[in-house]
Every structure is written in C-alpha cells, then in structure tokens.
Amino acid sequence: MNWSRSRLAAVFYVLVATPVTLMVLSALPQHAAPQPPASEIILGIDPAKSMVHWTLGSTVHTVHGSFAFKKGTLQLDTSTGRARGEIIVDATSGNSGNDSRDKKMHKEVLESARYAEVIFRPDRVEGKITPQGTFAVQVHGLFVLHGSEHELTVPVQAELAGDHWTGSATFNVPFIDWGLKNPSNFLLKVNHAVDIELELKGNLQKPAAP
C-alpha cells in the first residue's frame, strides 16, 4: 500500500513539475545568434552589366570613351548614413576608339601598366535611402587614381526593385589638377577635368551575420 502511494506521488510530481519547468525556461532570456542591423543594404555591382563612360573636351574636338568595372560592393546603413565597400574600375580597359590616342592615354597619362585600378571607397551617404523604390543621395568617399587618394562626393540616382537595383551617377574628375600628365600640345588643349557617367546594375545582397 505504501509503495503504491509513493509511486502515485512520484507520477503526480512529474505531471506538475514538468509544465512548471517549461514555463520557467521559456521565461529565461534566449541567446539567439546575433543578427545584422535591419537598416543595412548591400548593393553588389555586376561588372558585365555596368559601365563607366567618360567625355573629355578640347580645343579641337570632344573625345568619348569607356572603362569597364572589375567588381564592386556598397554597404549602406539607412539609419546612420554610414557607408562601406569598394568599387574597382579596370584602368587598363580605357578605350576611346582610337588606338594611337589610347596608347598615349595608357602610357603617358594613366600609366595603367603600373596603376591598373581606379578605386572608390565610400564612407558616408547624405540623403534618404529607401529599401525599395527610387532615391537620390550624395555618396562621399576616397577616390584612388594614379596611386593617390582624393576626397570626392558623387551624386547617385538609384532604384531598388525586388532583389536587384540600377543606378547612375554623373561627376567630373580634375585629373590634371590631381597630378596626372597634361596631354595637351601646341595645337591641342584639353580640359583639366574629364566628365564621368556611371551606369550601374547589380543585385541586392543579404548582410552576413556578425
């Protein structure tokens, strides 16, 4: 009889204690894996679908050309305006459609055999960034050309739709004032700044967990 009562008491204890234990455990803080900030947007640039167009005026004619992207990623925090990442352009891909002119550009001005990359490293964004739709912002950062860093602010128009995005930017680079060789001669005088137009396309990437 005593054994039956003890066994009954044990069963009763289990039935009561188990749900109470589960309730206590559920009330404890949960240590889930840290998540990246919801305000972060990562824009990956597709080099095959993006292009750099440039225009250089002179006393004789206006020259148009292009450069190709190597790779690029922009990490933007919509809450703070902080920016990170790197956009890399292949300096050796510069082309104006004239072999002799391009040879001079690469050998004497860009020295692209030595300085093969043009790089932009953003550090902040001014303006409102929307996770979807269109927006216009000013992207500030360091522009690396011919081995030297220069502060630069680039106005960017962008549209985010689903898992992809498109963008454009227009600005000028005062390459002669920044120390690159002036290609002018007795008959031809070129502008000290080259006009740049960016055509950007790519995918929205998910932030990696810290």
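1. Ile-42 has Gln-205 of S9 as its bridge partner, one of the four bridges by which S1 and strand S9 (residues 194-205) are joined in an antiparallel arrangement. Two strands are taken as paired if DSSP finds at least two bridges between them, and elements are DSSP runs numbered from the N terminus, helices being H or I of at least four residues and strands E of at least two.

2. The model is predicted, so that local features require pLDDT of at least 70 and side-chain atom pairs count only at pLDDT 80 or more, whereas totals for chains, interfaces and linings use all residues. Residues are numbered from 1 along each chain as its sequence is written, and side-chain values rest on heavy atoms, with hydrogens and water left out.

3. S1 also pairs with S3, in the antiparallel sense and over five bridges, and Gly-44 has Thr-73 as its bridge partner in S3. Six of the six residues of strand S1 (residues 40-45) are buried, that is, under 20% relative accessible area, with exposed meaning over 50% and partly exposed in between, for a 1.4 Å probe and protein chains only. Glu-40, Ile-42 and Gly-44 lie on one side and Ile-41, Leu-43 and Ile-45 on the other, so that both faces are covered.

4. In helix H2 the buried residues are Asp-102, Met-105, His-106, Val-109 and Leu-110. Because these fall within an arc of 120 degrees when seen down the axis of H2, they line one face of the helix (the arc being that of the directions from the helix axis to the C-beta atoms). They pack against strands S2 (51-56), S3 (63-77), S4 (83-95) and S6 (133-145), whereas the face turned away from the buried side carries the exposed residues Asp-99, Ser-100, Lys-103 and Lys-107.

5. The largest pocket holds about 910 Å³ of space, and of the 48 residues that line it, the closest to its centre are Trp-54, Phe-67, Leu-110, Val-194 and Ile-196. A pocket here is an open set of points on a 1 Å grid over the protein atoms alone, where a 1.4 Å probe fits, with protein on both sides within 12 Å along at least five of seven lines, and lining residues have an atom within 4 Å of a point. Helix H2 (residues 99-110) gives the most to this lining, with seven residues.

Key:
Points joined across faces, edges and corners; volume = space filled by probe spheres on them. Contact = heavy atoms within 4.5 Å.
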